[in-house]
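Student: I would like to go through this protein with you. Could you show me its sequence and structure?

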Amino acid sequence: MSDYTDTLNALATSTETAVVALYERFLAGDITEAEFVELGTVALEVANARGAALADLALATQLSVQRKEPVPTVGLSSTRTKTVARQAILDALTEDGDATEAVRVAVRAETLAGAQDAYHEGMQEQGVKAWTRVLNSGACKLCQDLAGDVLPGHAEMYHHKGCGCSQKPVGEEPNGNSTRSGRSRNNRGRNTRGRDAAGPRNVVTVAI
Ligand SMILES: [Zn+2]
């Protein structure tokens, strides 16, 4: 699954680079602040859509390998609204200190969080019973301490701002052997949102 984590972090890097470039155009007087906010919001929406598609494909591929049968994607779309994306940009502009860095951090965090939320939604739709955390390279001490736990499928992954960790289903072997007990110290008990309209289902075949 490190491929997914790497790809997701690459998406976050390209998005932050694009939005910081927009911010620098604002600083240079090429565009107004309102234009920067609008363009930055659109860039984040695109990143969130890509993150959701990436999460969908990564999850289906992982399940196909573990279940030893082709598992289709579920047509995940971003769970983040335009309002959330815009607010992330606006909040960064009001932070004290280096505004460019604040924009960079906010855009990265929002991109990663969007994909993490989508992956969680995907696990609900795919009927995943249990999962474990996959650390990104350079994961912080807190996330390292949380690694190794097996949590129920409905439990949301704790992630701090800018956390690049991802989830991985466990106990999906065809003969059962599920490991679903696990500790639940980072199950924050949030209700999961229902999804009633899944998109087109594409069968993903993978080489095992
Ligand atoms: Zn993390």
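Student: Which residues have the most contacts inside the largest nonpolar core?

Tutor: This is a predicted model, in which local features need pLDDT of at least 70, side-chain atom pairs count only at pLDDT 80 or more, and totals for chains, interfaces and linings use all residues. Residues are numbered from 1 along each chain as its sequence is written. A nonpolar core is a set of buried Ala, Val, Leu, Ile, Met, Phe, Trp, Tyr and Cys residues joined through C-beta atoms within 7 Å; the largest one here has 45 residues, and those with the most contacts inside it are Ala55, Leu59, Ala106, Leu112 and Ala115.

Student: Which elements each supply at least two residues of this core?

Tutor: Helices (H or I, at least four residues) and strands (E, at least two) are DSSP runs, numbered from the N terminus. Those that each supply at least two core residues are helix 1 (2-27), helix 2 (33-67), helix 3 (82-94), helix 4, strand 1 (130-134) and helix 5 (141-146).

Student: Which residues is Ala55 in contact with, leaving aside its neighbours within four places in sequence?

Tutor: Two residues are in contact if their C-beta atoms, placed from the backbone, lie within 7 Å. With those neighbours left aside, the contacts of Ala55 are Leu76, Ala115, Ala118, Tyr119 and Gly122.

Student: How many residues of helix 4 are buried?

Tutor: A residue is buried if 20 or more other C-beta atoms lie within 10 Å of its own, exposed if 12 or fewer, and partly exposed in between, with C-beta atoms placed from the backbone. Helix 4 is largely enclosed by the rest of the structure, because its buried residues number 20 of the 27.

Student: How far apart are the end C-alpha atoms of helix 4?

Tutor: The expected span of a helix is 1.5 Å times one less than its number of residues. For the 27 residues of helix 4 (residues 99-125) this should give 39 Å, and the distance between its end C-alpha atoms agrees: 39 Å.

Student: Is Lys68 buried, exposed or partly exposed?

Tutor: Lys68 is found in the loop between helix 2 and helix 3. Its phi is positive, near 60°, in a residue other than glycine. Most residues other than glycine have a negative phi. Because Lys68 has 13 C-beta neighbours inside 10 Å, it counts as partly exposed.

Student: In strand 2, what is the bridge partner of Trp131?

Tutor: Two strands pair if DSSP finds at least two bridges between them. Strand 1 and strand 2 (residues 150-152) run antiparallel and are joined by 3 bridges. The partner of Trp131 in strand 2 is Leu151.
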